[in-house]
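Dear colleague,

My notes on its charged side-chain pairs follow.

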Amino acid sequence: MNLNNLRPAEGSVKSKKRIGRGAGSGLGGTSTRGHKGAKSRSGYSKKIGFEGGQMPLQRRVPKFGFKNINRVEYKAINLDTIQKLAEAKNLIKVGINELVEAGFISTNQLVKVLGNGGLTTKLDVEANAFSKSAVAAIEAVGGNAVKL
């Protein structure tokens, strides 16, 4: 097999319709647009949400809910993930920088440590937030939970 004899699979490539190229092509005349009306004319574009005069969905359905502008989004990291990272890289302190280097978070994300899994080694863990169970598990093995 060489680059010069590569071909697409049989029937996988279709030629495009050449619209408006005379009556003999079968796609001349109205050029697949039908007869008359706005849709047959150049420059036509339907307004977003227009339903042919029927009351559109976004006006039929009432507004509900709200977005809390003060909401703080955290990336959740479990203790078992931190334990695996510490074992793989021989760490005694796991912070934001170590999590970024390992690819668990990006530089602009906030981190919350959750208590799923558990720790077996004494670690100092730095994060933006901790769950109560995570703090208890970290301190149970003699480590520190440092809130940034």
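A residue is called partly exposed when its relative accessible area lies between the buried class, under 20%, and the exposed class, over 50%. By that division E126, with a relative accessible area of 22%, is partly exposed. Please keep in mind throughout that this is a predicted model.

The search for salt bridges, for which a side-chain nitrogen of Lys or Arg must lie within 4 Å of a carboxyl oxygen of Asp or Glu, gave a count of three.

Because E126 belongs to strand β4 (residues 124-127) and K93 to strand β2 (residues 93-94), the pair ties together parts that are 33 residues apart in sequence. K93, for its part, has a relative accessibility of 39% and therefore counts as partly exposed.

A further salt bridge joins R60 to E51, with 2.8 Å between the closest N and O atoms. Here R60 has a relative accessibility of 44%, which places it among the partly exposed residues, and E51, at a relative accessible area of 30%, is partly exposed as well.

There is also a salt bridge between E73 and R71, whose closest N and O atoms are 3.0 Å apart; in this pair, both E73 and R71 are exposed.

Technical notes
Residues numbered from 1 in each chain as written. Predicted model: local features only at pLDDT ≥ 70, side-chain atom pairs only at ≥ 80, totals over all residues. Heavy atoms only, no water. Buried < 20%, exposed > 50% of the residue type's maximum accessible area, 1.4 Å probe, protein only. Helix = DSSP H or I, 4+ residues; strand = E, 2+ residues; numbered from the N terminus.
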